[in-house]
Amino acid sequence: MTKRALITGVTGQDGAYLAKFLLDQEYEVFGTYRRSSTPNFWRLDALGVIDKINFLHADLNDMASLLEAVTVSEPDEIYNLGAQSFVGASFEAPLLTGDVDGLGAARVLEVVRSINPKIRIYQASSSEIYGNVANVERGLTEETPMLPVSPYAAGKLYAYNLVRIYREGYGLFAANGILFNHESPLRGLEFVTRKITNAAAQISLGLRNKLELGNLEARRDWGFAAEYVQAMWKMLQLDKPSDYVIATGSSYSVQDVLVTAFESLGIDWQKYVTVDKRQMRPLDVHNLVGDSSKAKADFDWNPATSFKELIESMAAADYDRWRRRIDGEVFPWDAPSYPSESVFLTRGPQK
Ligand code: NAP
Ligand code: G4F
């Protein structure tokens, strides 16, 4: 029988790659979206899946909309990817971030517990929850104690703990994927990798001449998003639910991203980059390195794309977009596309 999956945050980077992956596995895919004044379906358009998803209007802040989405879609699996996912913004909007990222997950768990406790839940947890722990270089595991240093991470840690509590207390099949940073050409422009690759592409084409960044010394364990969404799915196919670190095992600095992206486009980053204190956070995580041995042992997950390949592919994609835009080509993100009306599931008039 065809399996049904509901993805919150389907319009985001991971939502788009996961929707594509699940459609390729012949799932029926339902995705929640938020109403906004400008359509935000460009990633799904870019991956060619915009008209293959059943869209439900729902917000993680709104319990009624989540109840409706789960009732209508009757999923076998829920992937809770929706979040205010930008760590920097969580310092400006700590209450909203806690509500969406923390209480939002609680709402999803409660809906499942009350409607159908057999639904399997994937919770998008994050390596940010570790904060600045000692001996990072040995690799952070599922056993490493967590000490968040941002409102985003505090919200995600609340969600992480609730997943564990609902799993042990109510027997739900709920799993935390503790994913380390993962990027792609579909990454939001506010995140540092894409901010750099997009600026490098513009600079190399003479469209801009400076780039302002914050903490160049911060180090992250960066992998490729399309590989990470496969791990989400694998976690929900196991006999027993558990929590898993998903990471490459190597960390690189923001400066390494700069060097790799700019060199790949034949430019010298030092001529264009300045450090802007406004891009720095009140607290920052200095270094993250994950150890995903448990994922390898339990479901044979391995990252394949190297840091260099990842950053070079993002720089090349941004260069290609700007080059073609200069040549007059119109892209989904220039002229926002909208799915056909038939894929929106609405209540319609009262019977
Ligand atoms: P993203 O591109 O920022 O996507 C976030 C998604 O959440 C978007 O679809 C967004 O909708 C949606 N959303 C925001 N607020 C919402 C709300 N109130 N109700 C419902 N949906 C809401 O993030 P991503 O990189 O795909 O990450 C996916 C998830 O993994 C997030 O939970 C993130 O925190 C977590 N995570 C990401 C990484 C990473 O490196 N990418 C690592 C660890 C964990 P709009 O399109 O309408 O804004
Ligand atoms: O790209 P970032 O904004 O990602 P960050 O904060 O690591 O968070 C991402 O990964 C988490 C997993 O660990 C996810 F949970 C989260 O949702 C998100 O996807 O920043 C990376 C590093 C930081 O140390 C930041 O201070 O880059 C540093 N940085 C330096 N200059 C900058 C900049 N970050 C941004 N966004 N912009 C800058 O100009």
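I begin with handedness: a crossing is left-handed if the near helix is turned anticlockwise from the far one by less than a right angle, and right-handed if clockwise. Helices (H or I, at least four residues) and strands (E, at least two) are DSSP runs, numbered from the N terminus.

This is a predicted model, where local features need pLDDT of at least 70, side-chain atom pairs count only at pLDDT 80 or more, and totals for chains, interfaces and linings use all residues. Residues are numbered from 1 along each chain as its sequence is written, chains are lettered from A and ligands numbered from 1 in the order in which they are written, and side-chain values use heavy atoms, with hydrogens and water left out.

**Entry: helix pairs**

I looked up α3 (residues 63-73) against α5 (residues 94-115). Their axes (lines fitted to C-alpha atoms, for helices over the stretch in contact, with angles from 0 to 180 degrees between N-to-C directions) are 10 Å apart, at an angle of about 45°. So α3 is oblique to α5. Angles under 35 degrees count as roughly parallel, over 145 as roughly antiparallel, 65 to 115 as roughly perpendicular and the rest as oblique. The α3 and α5 crossing is right-handed.

Next I took α7 (residues 192-204) and α9 (residues 254-264). Their axes come within 9 Å and cross at roughly 30°. Therefore α7 is roughly parallel to α9. I also noted a right-handed crossing for α7 past α9.

**Entry: ligand 1**

I found 24 residues around ligand 1 (a residue counts if one of its heavy atoms lies within 4 Å), and the closest are Thr11, Arg34, Asn40, Ser85 and Tyr152. I then checked polar contacts, pairs of N or O atoms within 3.5 Å. A polar side-chain atom of Tyr152 sits 2.6 Å from a ligand 1 oxygen. A backbone N or O atom of Asp14 is 2.8 Å from an oxygen of ligand 1. For Gly12, a polar backbone atom is 3.0 Å from a ligand 1 oxygen. On its own ligand 1 has 900 Å² of accessible area (Shrake-Rupley method, 1.4 Å probe), and the protein covers 89% of it. Elements giving two or more residues to this shell are α1 (13-24), β5 (120-126) and α6 (151-170). The largest share, three residues, is from β5. By class I list eight nonpolar, eleven polar and five charged residues. Here Ala, Val, Leu, Ile, Met, Phe, Trp, Tyr, Cys and Pro count as nonpolar, Asp, Glu, Lys and Arg as charged, and the others, Gly among them, as polar.

**Entry: ligand 2**

I found 23 residues around ligand 2, the closest being Ser126, Ser127, Tyr152, Arg281 and Asp284. A side-chain N or O atom of Asp284 is 2.6 Å from an oxygen of ligand 2. A polar backbone atom of Ser85 lies 2.6 Å from a ligand 2 oxygen. A backbone N or O atom of Glu190 is 2.9 Å from a nitrogen of ligand 2. Alone, ligand 2 exposes 720 Å², and the protein buries 96% of that. The ligand 2 shell has nine nonpolar, seven polar and seven charged residues.

Methods: Polar contact = N/O pair within 3.5 Å; in protein donor to acceptor, adjacent residues only side chain to side chain.
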